[in-house]
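Please look over the structure shown here.

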Amino acid sequence: MNDAAKFRTAVFRTRYLMPSLNAVLASSDIQPGHNALEAILTGEGLEPLEPSGILSARTATRQAFDLVRCFELMGWFRAGLRRSYFIADIEPGQGSDSSGDALVDLEELEAQLGTLLGTREANGSEDYRDPAYLPWDETAPRMTFGKAFSRSQEEMDGASQELLWRLYFAPGEEWSTGVDLALRFAVDLEEKPNLTVSDSVVDRLAWVLRGGYPSGYGDTPARWRIEWLEGLGGVSSAHQERTRSRSQELFSVRQAIADAAAGLVDDPAAAAHLAAVARLSSLGSATRSSRR
Amino acid sequence: MTLTAEAMDANGSERETHTPVPLTDPSGWVLHVSHAPEVKRLVVFVHGFMGNALGTWDEFPAGGSVRGWWRQADMLFVKYESTRDNINGVANRLRRNLEFFYPQLHAEVREIDGIKPRADVDTPYEELLLVGHSLGGVILRRSLADAAEDWEQRSTDDESATRPAILDGHVRLFSPAIGGFRAAGILGLLKATLSWSAVEMFVRRASAYTDLQPDSPTLARIRERTERLIQAGHESLRAHIVWANPDNVVLAERYDGDFVDDSWDETNHRSVCKPLQAGFPLPWDFVESGRYE
């Protein structure tokens with residue numbers, strides 16, 4: 001099994017961790033992303049970052065999102081180590097950008113992010129590195145570690161990433177622009193059912209349509225990550241309130257698009273079902289909100 | 001079903017017999033590489049409408065933890081955007097790329113960071129299994145028909161022409177959409193997917209959805225070509241097919257020349273292709289042998 005664990009670790013390093021670190025290090029300096037993450041979590045808002053910041057608020061918040069993704073990946077790595085799925089050959093200092101220049105001390109980065117995100121409090125554990133938040137239960141008979149990890153990465157497609165960034169990290173202006181585009185699209189579709197929509201337009205709306213959450217149905221892409229982000233000890237009530245408000249706006253937009261799209265379906269029963277999807281989504285969200 | 005001692009770790013936990021490797025080319029495809037000393041076969045999985053490369057198949061990738069047959073198999077999970085790509089495009093991509101996956105282990109996974117997945121990465125596979133669900137079945141049939149016609153033409157012109165790799169395949173289809181959607185299939189599809197992708201499908205006016213209507217010229221043409229090719233002696237185009245019962249999404253129609261099909265009660269369009277270690281091993285049996293029970 002040692003050789004298999006070595007191979008898995010090489011796959012993890014080259015296919016997951018390094019691309020993720022390269023995204024963080026695209027601008028060499030991770031401090032803007034770190035600052036943006038702190039501002040987001042404390043609910044201070046991002047306005048102080050624009051326009052005088054080193055990076056635009058958009059870029060800084062993207063970097064903040066990439067940092068959280070790195071933290072999640074390190075959590076998977078630690079969980080895999082416990083399971084002997086991986087071996088411990090990813091040493092501090094092995095993170096580098098694509099040119100191999102900018103080294104990152106992974107352990108230090110993990111410690112900083114763990115403190116900022118408040119994972120000790122969220123996990124109920126003394127160890128900020130405890131990956132208790134991952135959607136994998138060692139005692140569950142059907143879910144092997146490899147399956148849980150690869151499925152979690154499959155779910156993190158472009159639309160899911162965009163949804164998570166917009167809902168939790170994006171500056172207000174970015175959020176509003178995205179929602180306005182989706183609402184205009186719903187109105188156009190309602191008024192002109194024969195409207196031909198280019199793929200590029202639908203691609204820009206994919207985060208609304210495909211991001212999976214909020215949806216009233218079972219395990220959907222990105223859902224566990226949202227629940228994790230909502231439960232972090234470092235998240236302020238101001239940030240939670242902003243996210244709740246954005247979720248409600250998202251429900252409204254989805255409802256509008258679903259109602260308009262139902263007009264495109266010939267089968268009346270299918271049209272009714274399609275429209276009902278959005279309403280059920282809203283119910284699912286209400287249930288989750290009331291649990292908090 | 002119980003795990004064999006061989007399939008258990010020292011601490012009694014399930015052994016992970018494969019490593020999933022996300023590929024860079026084609027992007028989104030995932031190759032589950034076996035760590036067994038001897039690997040005999042490649043099993044290719046093609047998901048259906050609004051499915052996912054891995055999610056569609058649930059416990060299939062874990063087959064190695066319960067059966068030796070699967071420990072001796074690498075598994076390739078094909079990914080495509082069903083609300084965006086058209087049938088021809090995906091079928092061509094599959095046919096073109098399969099040459100790089102069979103009979104030799106794909107170059108991208110033979111060694112990663114200087115580490116091999118198993119000692120022997122050079123011995124070619126002995127067999128190829130092609131597994132499709134729903135729209136994935138249509139895509140496979142289109143790929144096979146194109147490969148067979150291409151082979152007919154090339155081998156006539158040049159006796160030394162190489163036979164396309166995909167024609168080595170044994171075809172296993174789970175509720176394939178080869179007869180198109182049922183009249184009220186769209187409602188069944190919506191209920192089966194329960195996802196916002198359904199909205200996206202209408203907004204995009206997805207070509208694959210249009211092509212899956214029962215009177216679709218695309219489906220009629222694939223059927224006509226495949227039946228002709230089977231009659232001309234292309235045995236590898238004959239499919240073993242199992243249907244869900246009830247299946248409220250697709251019409252259960254096989255082609256002339258296919259093996260006699262069967263149905264599994266108490267399954268539906270989504271669950272028919274998802275084996276369970278506890279209680280539903282039939283999908284593993286079906287892929288291994290083509291038998292239905």
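## Conventions

This is a predicted model: local features need pLDDT of at least 70, side-chain atom pairs count only at pLDDT 80 or more, and totals for chains, interfaces and linings use all residues. Residues are numbered from 1 along each chain as its sequence is written, chains are lettered from A and ligands numbered from 1 in the order in which they are written, and side-chain values use heavy atoms, with hydrogens and water left out.

## Chain B overall

Chain B holds eight helices and eight strands. These are DSSP runs numbered from the N terminus: helices are H or I with at least four residues, strands E with at least two. Of its 293 residues, 61% count as buried. Buried means under 20% relative accessible area, exposed over 50%, and partly exposed in between, with a 1.4 Å probe and protein chains only.

Contact means heavy atoms within 4.5 Å. Among chain B contacts between residues at least 6 apart in sequence, 73% join residues at least 24 apart.

## Strand E7 of chain B

Strand E7 of chain B covers residues 239–245. Six of its seven residues are buried, so the strand is largely enclosed by the rest of the structure.

E7(B) pairs with strand E6 (residues 169–174) of chain B in the parallel sense, over four bridges. Two strands pair if DSSP finds at least two bridges between them. B:His240 in E7(B) is the bridge partner of B:Arg172. E7(B) also pairs with strand E8 (residues 262–265) of chain B, in the parallel sense and over four bridges. There, B:Trp243 stands opposite B:Ser263 in E8(B).

## Aromatic rings

Rings of Phe, Tyr and Trp (its six-membered ring) pair if their centres lie within 6.5 Å; planes under 30 degrees apart count as stacked, over 60 as edge-to-face and the rest as tilted. The count is 33 aromatic pairs over all chains. One of them is tilted: A:Phe12 and A:Phe149, 5.9 Å centre to centre, with 45 degrees between the planes. This pair links distant parts of the chain, with A:Phe12 in helix H1 (residues 2–24) and A:Phe149 in helix H6 (residues 145–155) of chain A, 137 residues apart. Both A:Phe12 and A:Phe149 are buried. B:Tyr102 and B:Tyr125 have ring centres 6.1 Å apart and planes at 0 degrees, so the pair is stacked. B:Tyr102 and B:Tyr125 are buried.

Ring pairs also build a cluster in chain B, whose members include B:Phe45, B:Trp57, B:Phe174 and B:Trp264. A charge sits over a ring if NZ of Lys or CZ of Arg is within 6 Å of the ring centre and within 35 degrees of the ring normal. The charged end of A:Arg8 sits over the ring of A:Tyr85, 4.4 Å from its centre. B:Arg238 has its charged end over the ring of B:Phe259, 4.0 Å from the centre.

## Helix H2 of chain A

Helix H2 (residues 31–42) of chain A has twelve residues. From first C-alpha to last, H2(A) reaches 16 Å, close to the 16 Å expected at 1.5 Å a residue. The expected span is 1.5 Å times one less than the number of residues. A:Gly43 follows H2(A), with a positive phi near 80 degrees.

The buried residues of H2(A) include A:Ala36, A:Leu37 and A:Ile40. Their cover includes helices H3 (57–82), H4 (106–117), H7 (158–169) and H11 (237–262) of chain A.

## Cysteines

How many disulfides are there over all chains? The count is zero, where a disulfide is a pair of cysteine sulfur atoms within 2.5 Å. A:Cys70 is buried, at 3% relative accessible area. B:Cys273 is buried too, at 0%.
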